[in-house]
Amino acid sequence: MDTKEEEKLIFISSLVLREMRGALSGEDRLFLESWLQESKWNQQVYQRCLDEAQQREGYTSLAHFDKKHNFESLKTKISFHSSKRRVGLVKRLWPYVAAASVLLALSVVWYWFQDNGHPVETQRTVAIDRLPASHQAIITLSDGRRFSLNNNEKQVVINGSGIRYDDGHDIASIEAAVSANIETPRGGTYEVTLPDGTRVKLNAGTILSYPTQFAKDKREVSLQGEAFFEVAKRKKQPFIVHTKNQQVQVLGTQFNINAYPTSTQTKTTLLEGSVQVKELIKGQKLNLLPGNQAVNTGTQLIKQSVNVQQEIAWVYGKFNFDGKSLRQVMDELSQWYAVDVVYKGDVPDVSFFGGTFRTSKLSTILKLLKDQDLSYHLTDDGKLIIEHSNPKTQKGGQ
């Protein structure tokens, strides 16, 4: 969805809210009625917003929003149809506008998932469900101490004296510990500020290993999984990230590394500054500029240009499925929702398009991914079964 469509969706959300509260002005009512006349799908979305069950689902999803961050985003995006009066109203009613936005976003999904311009129809309702990832992590110090981090917080700060939450509350003193691991489980995410001020956002199923105090001539950490780095600039102290088959060296910049052990590739995507990627088997090196991505296959290092916003959609709380295969999409869902994916029979490896919020429940995502040839079933023991929806057709229509 382009920026104007996104802005329109958010503005429509505020109109629906005011309609529900009986406070819609004449001009805004005409705009809403015009939008309803554009398509039957818009009318269906509108009816869903009036449904109490859908409202409850929207408020549940709202619980996962960073309200301060998203209000600033909302203020900017609503400006194309805005006035000081409208922005003031939205600010006062922000929690309700956000809930309406969630409802509309879940209904429209921000993108169509079929290139014929029609939404994917739901074939079956998933009775068992999974909530999206929450703030979960464990810190293990080299002296053996372990700390489960508070899921009401989302960031820890490491410095010479100890470990504390971003709000200042202490977790532990460093004492004799010289290094530490911070690990997010499947279904968990967390952020950490390292001793040099570098900020790291950990995706689900990730382990970051780091010293409690960096050496004078270099800063070294190790990564397994996926993380987004905002490296503090220190010209005489390069920052080095080690993964299984490569190392990335920077002085100060923003980049993302995807290095899950289950993947055959390690991807390094650069947002700003410059980085050097070195694969460890042949010693091949690549220098990246913003918009570049290094793909390490284990035997070869390749540089390509990418849409950075799509590649790191997870950092902004979104799934991006554009051009991804079934197994790539399922790998992401497996990490985010802590489910084990099981492929039953000969499953076609279809490709998907579009994306949606990571705050959605798994059942919502599965509805969006419905394909005429695939069926999804979530079991009560955390297994996501994927199979051909019509085995007879698969075997030649017998």
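Which element gives the largest share of the lining of the second largest pocket? In this predicted model, that element is helix 9, with 7 residues. Residues are numbered from 1 along each chain as its sequence is written, and, the model being predicted, local features need pLDDT of at least 70 and side-chain atom pairs pLDDT 80 or more, whereas totals for chains, interfaces and linings use all residues. Side-chain values rest on heavy atoms, with hydrogens and water left out.

The chain contains 11 helices and 24 strands; helices (H or I, at least four residues) and strands (E, at least two) are DSSP runs numbered from the N terminus. Of its 398 residues, 47% count as buried, where buried means under 20% relative accessible area, exposed over 50% and partly exposed in between, with a 1.4 Å probe and protein chains only. Among contacts (heavy atoms within 4.5 Å) with a separation of 6 or more, 55% join residues 24 or more positions apart.

The second largest pocket holds about 880 Å³ of space. A pocket is an open set of points on a 1 Å grid over the protein atoms alone, with protein on both sides within 12 Å along at least five of seven lines, whereas a cavity is a set where a 1.4 Å probe fits but cannot get out; lining residues have an atom within 4 Å of a point. Grid points are joined across faces, edges and corners, and the volume is the space filled by probe spheres set on the points. The lining of the second largest pocket comprises 35 residues, and Asn258, Ser263, Gln328, Asp331 and Glu332 lie nearest the centre. Two or more lining residues come from each of strand 14 (254-259), strand 15 (266-272), helix 8 (308-311), strand 20 (318-320), helix 9 and strand 21. By residue class, the lining divides into 9 nonpolar, 15 polar and 11 charged; Ala, Val, Leu, Ile, Met, Phe, Trp, Tyr, Cys and Pro count as nonpolar, Asp, Glu, Lys and Arg as charged, and the others, Gly among them, as polar.

Two strands pair if DSSP finds at least two bridges between them; strand 21 and strand 24 (residues 383-388) do so over 5 bridges, in the parallel sense. Asp340 has Lys383 of strand 24 as its bridge partner.

Ala338 is located in the loop between helix 9 and strand 21. Although not a glycine, Ala338 has a positive phi of about 55 degrees, and its relative accessible area of 22% makes it partly exposed. Ala338 is also one of the residues in contact with Gly187, together with Ala133, Ser134, Gln136, Ala204, Gln335 and Trp336, when neighbours of Gly187 within four places in sequence are left aside. Gly187 is placed in the loop between strand 7 and strand 8 (188-193) and counts as buried at 8% relative accessibility.

Strand 7 (residues 179-184) pairs with strand 10 (residues 206-211) in the antiparallel sense over 6 bridges, and Ile182 has Leu208 of strand 10 as its bridge partner. Strand 10 is also paired with strand 11 (residues 219-230), again antiparallel, over 3 bridges; here Ile207 is bridged to Gln224 of strand 11. The loop between strand 6 (170-173) and strand 7 contains Glu175. This residue is not a glycine, yet Glu175 has a positive phi of about 50 degrees, and at 61% relative accessibility Glu175 is exposed.

Thr243, in the loop between strand 12 (239-242) and strand 13 (246-250), is buried, with a relative accessible area of 9%. Beyond neighbours within four places in sequence, Thr243 is in contact with Leu223, Ile257, Ala259, Thr266 and Leu280. Lys318, found in strand 20, is partly exposed at a relative accessible area of 24%. A C-alpha separation of 5.6 Å is found for Lys318 and Thr356, which are 38 residues apart along the chain.
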